[in-house]
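Subject: Structure for your review

Dear colleague,

Please find below the structure that I would like to hand over to you.

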Amino acid sequence: MKKFIVELSNYYNWLPLYSQCVVFEYERFLNIANKNENLKLLPCNDIEQCWQYHVLCMDFYTKYCVKRFGHLIMYAPIAT
């Protein structure tokens, strides 16, 4: 995830340490979402942005989810 953190930092112009914190919380969110598939969980804005960027890296996202959860965690954008 180190490369992902650097890329995320560059993409959103976030400090690397901040990106690292966002990724930590993002991974916690995905764990909760995986355990509660029947609930519609809404991430905070920064986790949403992290998830959007991760999904854009389709191959990396797919491999990450399959390795960590055994399946994809489906992303659904928050309607504004």
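At what angle do H2 and helix H3 pack, and how far apart are their axes? The model is a predicted one, and in it H2 and H3 (residues 45–56) pack at an angle of about 85°, with 9 Å between their axes. Angles of 65 to 115 degrees count as roughly perpendicular, and H2 is therefore roughly perpendicular to H3.

The contact of these two helices may be described by residue. By class, the contact of H2 with H3 consists of nine nonpolar residues, one polar residue and two charged residues.

H2 (residues 16–35) also packs against helix H4 (residues 58–69). The axes of H2 and H4 come within 12 Å and cross at roughly 60°, so the two helices are oblique to each other. The crossing of H2 and H4 is right-handed. Here Tyr26, Glu27, Leu30, Asn31 and Asn34 of H2 meet Tyr61, Tyr64, Arg68 and Phe69 of H4. Five nonpolar, two polar and two charged residues make up the contact of H2 with H4.

The largest nonpolar core has 21 residues. Within this core, Leu8, Tyr26, Leu30, Cys50, Trp51 and Ile73 touch the most other members. Helix H1 (2–12), H2, H3 and H4 are the elements that each give two or more residues to the core. H2 supplies the largest share, six residues.

Trp51 may be of interest to you in its own right. Apart from neighbours within four places in sequence, Trp51 is in contact with Tyr26, Phe29, Leu30, Pro43, Tyr61, Ile73, Met74 and Tyr75. Among these partners, Tyr26, Leu30 and Ile73 are listed with Trp51 as core residues that touch the most other members.

One further residue concerns the backbone. Asparagine 13 lies in the loop between H1 and H2. Its phi is near 60°, a positive value in a residue other than glycine. Is asparagine 13 buried or exposed? Residues over 50% relative accessible area count as exposed, and asparagine 13, at 71%, is therefore exposed.

Yours sincerely,

A colleague

Definitions and conventions
Residues numbered from 1 in each chain as written. Predicted model: local features only at pLDDT ≥ 70, side-chain atom pairs only at ≥ 80, totals over all residues. Heavy atoms only, no water. Axes fitted to C-alpha atoms, helices over the stretch in contact; angles between N-to-C directions. Helix = DSSP H or I, 4+ residues; strand = E, 2+ residues; numbered from the N terminus. Parallel < 35°, antiparallel > 145°, perpendicular 65-115°, else oblique. Left-handed = near helix turned anticlockwise from the far one by under 90°. Contact = heavy atoms within 4.5 Å. Nonpolar A, V, L, I, M, F, W, Y, C, P; charged D, E, K, R; others polar. Core = buried A, V, L, I, M, F, W, Y, C linked by side-chain atoms within 4.5 Å. Buried < 20%, exposed > 50% of the residue type's maximum accessible area, 1.4 Å probe, protein only.
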